[in-house]
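Dear colleague,

Please find below the structure that I am handing over to you, followed by an account of what was found in it.

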There are 4 protein chains.
Amino acid sequence: MVVILKNNVTEAQIEDIKKHLEDYGFQVHESRGEAKTILGAIGVNPGFDIRKIKILDGVTDVYRVTAPYKMASRNFKEENTIIKIGDVEIGSNEIILMAGPCSVESEDQIFRLAKVVAESGSKVLRGGAFKPRTSPYSFQGMGLEGLKIMRAAADEYGLLMVTEVMQISQIEIIAPYTHIFQVGARNMQNFGLLKELGDTSIPVMLKRGLAATIEDWLMSAEYILANGNSEVMLCERGIRTFETYTRNTFDLSAIPVVHERSHLPVVADPSHATGYRKQVAPMARAAVAAGADSLMIEIHDKPEEALSDGPQALLPVDYISLVQELKVIAKAIGRTL
Amino acid sequence: MVVILKNNVTEAQIEDIKKHLEDYGFQVHESRGEAKTILGAIGVNPGFDIRKIKILDGVTDVYRVTAPYKMASRNFKEENTIIKIGDVEIGSNEIILMAGPCSVESEDQIFRLAKVVAESGSKVLRGGAFKPRTSPYSFQGMGLEGLKIMRAAADEYGLLMVTEVMQISQIEIIAPYTHIFQVGARNMQNFGLLKELGDTSIPVMLKRGLAATIEDWLMSAEYILANGNSEVMLCERGIRTFETYTRNTFDLSAIPVVHERSHLPVVADPSHATGYRKQVAPMARAAVAAGADSLMIEIHDKPEEALSDGPQALLPVDYISLVQELKVIAKAIGRTL
Amino acid sequence: MVVILKNNVTEAQIEDIKKHLEDYGFQVHESRGEAKTILGAIGVNPGFDIRKIKILDGVTDVYRVTAPYKMASRNFKEENTIIKIGDVEIGSNEIILMAGPCSVESEDQIFRLAKVVAESGSKVLRGGAFKPRTSPYSFQGMGLEGLKIMRAAADEYGLLMVTEVMQISQIEIIAPYTHIFQVGARNMQNFGLLKELGDTSIPVMLKRGLAATIEDWLMSAEYILANGNSEVMLCERGIRTFETYTRNTFDLSAIPVVHERSHLPVVADPSHATGYRKQVAPMARAAVAAGADSLMIEIHDKPEEALSDGPQALLPVDYISLVQELKVIAKAIGRTL
Amino acid sequence: MVVILKNNVTEAQIEDIKKHLEDYGFQVHESRGEAKTILGAIGVNPGFDIRKIKILDGVTDVYRVTAPYKMASRNFKEENTIIKIGDVEIGSNEIILMAGPCSVESEDQIFRLAKVVAESGSKVLRGGAFKPRTSPYSFQGMGLEGLKIMRAAADEYGLLMVTEVMQISQIEIIAPYTHIFQVGARNMQNFGLLKELGDTSIPVMLKRGLAATIEDWLMSAEYILANGNSEVMLCERGIRTFETYTRNTFDLSAIPVVHERSHLPVVADPSHATGYRKQVAPMARAAVAAGADSLMIEIHDKPEEALSDGPQALLPVDYISLVQELKVIAKAIGRTL
């Protein structure tokens with residue numbers, strides 16, 4: 001932590017600030033220039049609230065020197081985390097595709113779509129059984145029955161499955177079926193849920209909240225890591241900005257930034273980021289070009305009848321053709337897909 | 001719902017669009033101008049996803065005519081909702097003050113601060129026993145023990161209490177103690193929690209999420225209302241913007257806007273909105289002037305030792321002097337406090 | 001400037017970084033902790049691009065210790081700037097009201113409204129003769145003729161006038177008429193215009209840009225101050241956020257923040273901030289309560305016929321009644337109006 | 001325009017609203033459902049302020065049916081605009097690369113870099129002679145002398161040139177030298193400048209403002225188009241959001257959205273969008289994959305000595321290697337580069 005003192009700070013104030021720092025457990029270094037005095041405080045606890053120093057008399061500004069996240073940082077672990085589930089490795093040189101419907105709607109539907117996913121060469125089947133909906137009047141998901149038929153479909157076609165967990169009580173219901181827990185954007189700071197997921201040994205895909213900075217996102221990953229589950233992947237799915245012609249703003253520059261700051265793999269979700277089918281393909285291509293380790297894409301063969309998010313689902317034929325383009329882009333940047 | 005058709009829409013497309021609308025259960029009215037054809041679709045289900053129509057060939061734009069929330073709207077209930085708890089009425093002409101520490105830290109601390117709250121003429125004691133913290137390394141609250149001593153302090157000084165519930169399993173732990181459940185900004189779209197709170201008969205204070213539009217916020221209130229609990233108050237506590245000199249941007253214009261669109265009372269929280277003690281008093285004054293029905297303010301007599309959010313807590317002496325100013329402003333706009 | 005080095009920085013890198021700093025003219029102080037090494041660099045030029053250091057090998061982060069603005073800062077000038085124009089003092093204990101139509105539309109219109117402004121006890125007449133409009137198809141202002149009749153109306157009723165200057169060539173056209181130049185939000189970073197206004201001796205009201213941080217805003221003020229014109233007032237008029245139920249988000253917390261960081265007076269413009277008549281009065285009250293030194297409010301006696309921004313204009317009768325409320329609030333916080 | 005009436009609207013109010021619409025020159029269609037009455041108003045002037053209707057008694061909401069821009073829209077002109085300058089076509093199937101330093105700094109520098117640009121196969125040399133700088137204390141550009149040496153360098157290597165125009169008085173200074181005028185993000189709504197550029201016959205590259213919606217951006221293009229200059233290209237360079245780990249948020253989804261709504265070509269500028277060298281290459285790749293018609297990239301052979309924006313400049317060797325990757329991605333999506 002670096003503490004910048006005011007130009008007109010008094011000696012008494014400096015002593016008082018140093019005493020506070022020492023009382024909080026810091027080792028203090030002082031650096032006096034002609035105009036400015038700066039205190040370096042070593043030994044900051046990641047949970048320390050720097051505003052405690054900022055409000056002291058004589059202080060202008062305080063900067064945190066170490067990132068507030070620890071286990072999620074590249075400093076803590078130099079090499080990339082690769083999450084291995086059976087034959088699939090997320091975070092390796094191979095880009096992993098996850099696809100499927102927004103919601104599991106029927107046995108017939110999920111089997112039809114799992115077949116498409118497998119035929120396209122994708123490795124993971126996505127689908128929601130418990131659905132977080134902005135409106136209480138919208139379809140809320142098939143629940144346990146949905147999980148069962150989704151796992152059957154995944155097994156039938158040699159796929160892994162990923163599905164969303166919305167609350168603590170669902171963890172033990174979902175755990176027997178899924179290979180990856182998805183935490184939705186609206187739950188990114190549901191800390192109780194994150195802690196409990198940290199107690200499991202199932203990989204977690206943590207979606208970025210609509211208003212979450214990259215730092216907040218890594219802090220939420222830290223909750224899972226600190227509780228003992230090291231298999232966390234991050235999923236960029238758009239942030240909220242002033243723009244209204246798109247549903248969200250897909251923050252693709254988060255991909256290289258996370259890769260620099262953290263060792264965790266990054267998934268990109270162009271379907272939720274854009275909200276409209278026409279923009280999914282260009283944004284999927286862009287996400288691969290930007291360095292995403294995995295893509296999650298919604299597909300549906302009867303999008304007009306879909307019980308949720310049909311307008312953003314790709315048709316199977318369009319998905320299969322998109323996958324071919326993605327392979328060429330992956331190769332252009334030295335990766336496989 | 002209003003559907004705007006493209007300039008070059010064909011008759012076949014118009015028929016197809018009308019058929020889709022009818023299949024979704026709408027009654028359709030057609031209006032043809034020289035350049036534009038517009039379809040009015042009556043009977044929209046509040047949970048209907050308008051993108052289903054937006055993606056049809058021949059459609060330019062679709063607008064929802066009715067708000068997606070229903071029970072939260074002023075159309076549904078013309079007169080202001082007044083939440084009565086004992087002698088206290090939130091949403092009436094009297095502005096209700098809620099104050100207390102961020103976290104309950106000890107029996108001594110909460111009794112000292114409850115005394116200040118009562119002496120200032122405020123009616124509700126705030127304090128957290130279960131704390132949502134961005135960092136897993138920060139203090140997480142005293143839990144049940146905190147609830148017990150907080151309620152004892154409130155009772156001792158004739159105050160009501162409000163405290164945060166973070167997850168479903170805490171509802172039954174907290175219910176015997178609190179008069180008002182607080183739902184934090186990060187849980188505003190924790191729909192499972194909202195539904196369960198809708199099943200209780202305890203008033204709920206729903207904080208606005210950092211990236212929540214006013215519409216999202218009212219939709220989340222709708223979850224509680226639709227499940228049977230009509231005693232919901234909304235709390236503005238700042239939204240996330242690009243500005244970095246303040247912790248959040250306190251959106252005071254949300255107050256008159258919510259009052260126009262909804263019958264629910266609005267609480268304003270200048271402490272979390274600004275994050276720094278110096279800005280709390282001017283923003284508290286502004287919130288009363290803008291029409292807030294209630295204010296929630298953090299106070300602490302030893303802010304440097306506070307286990308959370310000390311930098312934004314007012315000292316008791318400053319709080320008592322602020323209350324005097326607020327009384328004059330309330331009077332200036334024809335209200336009491 | 002404070003330079004934070006990486007945990008694994010090498011001695012050679014430290015030497016290289018120090019050499020760079022010295023070459024850029026800094027005096028360097030080194031502070032080594034167990035885990036972290038920090039360099040303090042004294043003597044930073046306000047225009048220095050700190051990214052030059054951030055990209056050096058071995059550097060984690062760089063923080064600017066001094067604000068990038070200088071003459072606009074409270075450090076540079078401790079006491080409040082009070083702008084005196086005739087009998088009017090902006091930035092003093094008295095809150096100054098500015099009111100008038102969005103656009104000057106006719107001699108009759110501006111005289112009628114100037115009369116209202118004077119009768120309400122307000123001191124400054126606002127009105128646009130050159131209008132920045134988002135659409136090229138909208139009314140663009142009366143130009144020189146508008147200036148003449150506006151000044152005549154101001155003189156007739158003993159008022160000062162403020163009007164917008166949009167481009168350099170308008171400075172000499174407007175200068176003979178106006179008492180205050182207004183720079184609009186969209187021109188806040190039109191640096192050529194700011195420099196030229198710095199060469200005049202007429203006070204400037206600088207509106208905050210829609211995406212401008214408080215720091216950007218003070219930097220733009222610095223352009224005017226650095227060129228020799230010390231009479232700058234800042235005007236908060238709403239920033240752009242994700243919220244769509246309001247036209248902009250009125251950032252009232254900017255008022256106490258600017259007062260802490262700068263000596264310049266702050267004007268608040270609730271008309272442009274909200275965009276709708278109904279929200280203007282509550283937000284005007286809130287702005288006074290938050291500490292604004294002046295308010296700028298649009299009024300019109302025939303808003304439905306106004307050539308621009310009629311929907312946000314208050315009727316004269318409502319304006320006069322608002323002024324009475326504002327007087328009481330001003331008194332509550334120890335100011336006059 | 002569609003006008004939604006309140007549930008409890010009276011017949012008298014309906015008549016009044018219709019009269020207003022007719023007085024404003026609209027042709028009115030009425031559509032009555034069981035619960036809702038909707039008025040369609042045909043013939044809207046693109047500059048009409050819809051708030052004039054929104055404030056009438058009995059009105060709930062008003063939606064603009066036609067986009068507020070006209071000549072910039074795909075409805076107005078179905079086929080893509082291709083801007084031909086000599087042999088170069090911007091907006092065609094070939095992706096055009098523009099590269100060069102942020103600022104022209106010396107004859108030697110601009111010749112060295114023009115050579116790199118030409119050798120990489122790029123077609124346009126970028127470089128600033130007049131520089132908009134946030135700080136008045138930063139380097140403000142070489143001015144006329146910079147233009148002369150830049151044009152000489154462009155001619156020597158068979159390149160076109162693009163340079164920024166900041167104010168009206170610079171148009172005639174720059175016109176003899178440049179092939180494309182660049183309008184910077186901070187000037188996107190400098191309407192006087194846009195009008196004057198509309199009077200020239202030199203192509204204009206209009207950068208998106210930091211807080212500009214896509215609609216605002218197209219409206220600003222409309223100013224140039226409406227004044228007679230049809231050769232406008234749009235440049236996405238990042239928008240301002242709450243994220244602080246990147247300089248701006250690069251809104252790549254704007255590319256497919258603009259292509260759907262408008263016929264104008266889209267340039268992407270990953271250098272300004274990200275602000276740091278390391279993120280430029282992944283974002284350049286992503287921009288091509290997302291469908292950009294052209295890329296503008298900053299390069300410098302001695303970035304540490306650059307007078308502006310050195311930290312975001314690519315080294316020549318890295319630029320040349322990036323171009324090779326971009327060629328493969330372009331081919332993957334059926335384009336040339």
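**Findings**

In chain A, 65% of the contacts with a separation of 6 or more are between residues 24 or more positions apart. Please bear in mind that this is a predicted model.

Chain A is built with eleven helices and 14 strands. Its C-alpha trace spans about 75 × 45 × 40 Å along the principal axes. Of its 337 residues, 58% count as buried.

I turn next to the interface between chains A and D. Here 36 residues of chain A are in contact with 36 residues of chain D. On the chain A side, the elements that give two or more residues are helix 7 (214-226), helix 8 (254-261), helix 10 (277-290) and helix 11 (316-332). Helix 10 of chain A provides the largest share of that side, with nine residues. Sorted by class, the side of chain A that touches chain D holds 20 nonpolar, nine polar and seven charged residues.

The last point concerns chains C and D. Chain C is superposed on chain D by a rotation of 180° with 0.0 Å of shift along its axis, at an RMSD of 0.0 Å. The two copies are therefore related as by a two-fold rotation axis. Within chain C, Ala211(C) has the C-alpha nearest the axis, at 2.5 Å from it. The same surface serves both copies, since 100% of the contact residues of chain C recur in chain D.

With kind regards

Conventions
Residues numbered from 1 in each chain as written. Chains lettered and ligands numbered in written order. Predicted model: local features only at pLDDT ≥ 70, side-chain atom pairs only at ≥ 80, totals over all residues. Contact = placed C-beta atoms within 7 Å. Helix = DSSP H or I, 4+ residues; strand = E, 2+ residues; numbered from the N terminus. Nonpolar A, V, L, I, M, F, W, Y, C, P; charged D, E, K, R; others polar. Buried ≥ 20, exposed ≤ 12 C-beta atoms within 10 Å, placed from the backbone. Least-squares fit on C-alpha atoms with pLDDT ≥ 70 in both.
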